[in-house]
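User: I am new to this structure and would be grateful for a close look at a single part of it.

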Amino acid sequence: MSRYTCCAGYMPCSGRCGESKCPELCLCTEVFLCFGNSVASTRFLLQDEFNIQTTKCDNCIIGFMFCLQQLACIFSIVACLVGSEELSEASQILNCFADMVYCTVCACMQTQHKVEMDKRDGKFGPQPMAVPPMQQMSRIDQPYPPNVGYAPQQPYGYPPQPAPHAQGYPPAGYPPQGYPPAQGYPAPGY
């Protein structure tokens, strides 16, 4: 907390809110009274610190959120000017939807913030986003995929398999003796 600055130094009020005397109180005030600024400034800070670029997908999501907020505002103003009860109700529904999108986007941003800070603090280990080992799909003549990238072991609950060259299709012993029954299947009792 010794390095804390209100809104990460990105707002005009930053550094003038008594952060050095009581940073915890200032942080609580920032989060409760200026939530949007708090989330956005944390995003800007992390992007600057780690040299992270905003992706096209991020821009699309944030732009959709802003457009929805603006549309809800315009609907509210028109409903107020016209005095229509139906338009007022529609504007309230749109405003509620815009708020839900805003809260969802803020939650996603804060999750990204947490992941970036955990990477910075080394909580993911040496390689946070490692590529999984290569796997190979089984061919039609193989009952099980080969154990590429994994320790060779028999799947749990399966009998030991003979060497691949000894297997035929269908495997020996299939179908089991007495199958299908000689008298056929019983007719359904409809």
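How many nonpolar, polar and charged residues does the lining of the largest pocket have?

Analyst: The structure is a predicted model, in which local features need pLDDT of at least 70 and side-chain atom pairs count only at pLDDT 80 or more, while totals for chains, interfaces and linings use all residues. Residues are numbered from 1 along each chain as its sequence is written, and side-chain values use heavy atoms, with hydrogens and water left out.

By class, the lining of the largest pocket has 11 nonpolar, 7 polar and 5 charged residues. Here Ala, Val, Leu, Ile, Met, Phe, Trp, Tyr, Cys and Pro count as nonpolar, Asp, Glu, Lys and Arg as charged, and the others, Gly among them, as polar. A pocket is found on a 1 Å grid over the protein atoms alone, as an open set of points where a 1.4 Å probe fits, with protein on both sides within 12 Å along at least five of seven lines; lining residues have an atom within 4 Å of a point. The volume of the largest pocket is about 770 Å³, a volume being the space filled by probe spheres set on the points, which are joined across faces, edges and corners. There are 23 lining residues, and Y4, L27, T42, L45 and M117 are the closest to the centre of this pocket.

At least two lining residues come from each of helix 1 (23-33), helix 2 (35-50) and helix 4 (85-120); helices are DSSP runs (H or I, at least four residues), numbered from the N terminus. Helix 2 gives the most to the lining, with 8 residues.

Helix 2 itself has 16 residues and reaches 23 Å from its first C-alpha to its last, close to the 22 Å expected at 1.5 Å a residue; the expected span is 1.5 Å times one less than the number of residues. S38, V39, S41, R43, L46 and Q47 are the buried residues of helix 2, where buried means under 20% relative accessible area with a 1.4 Å probe, protein chains only. These buried residues pack against helix 1, helix 3 (56-82) and helix 4. Following helix 2 is N51, whose phi is positive, near 55 degrees.

Helix 4 also holds E116, which counts as buried because its relative accessibility is 19%. Apart from its neighbours within four places in sequence, E116 is in contact (heavy atoms within 4.5 Å) with L46, F50 and I52.

Conventions: Buried < 20%, exposed > 50% of the residue type's maximum accessible area, 1.4 Å probe, protein only.
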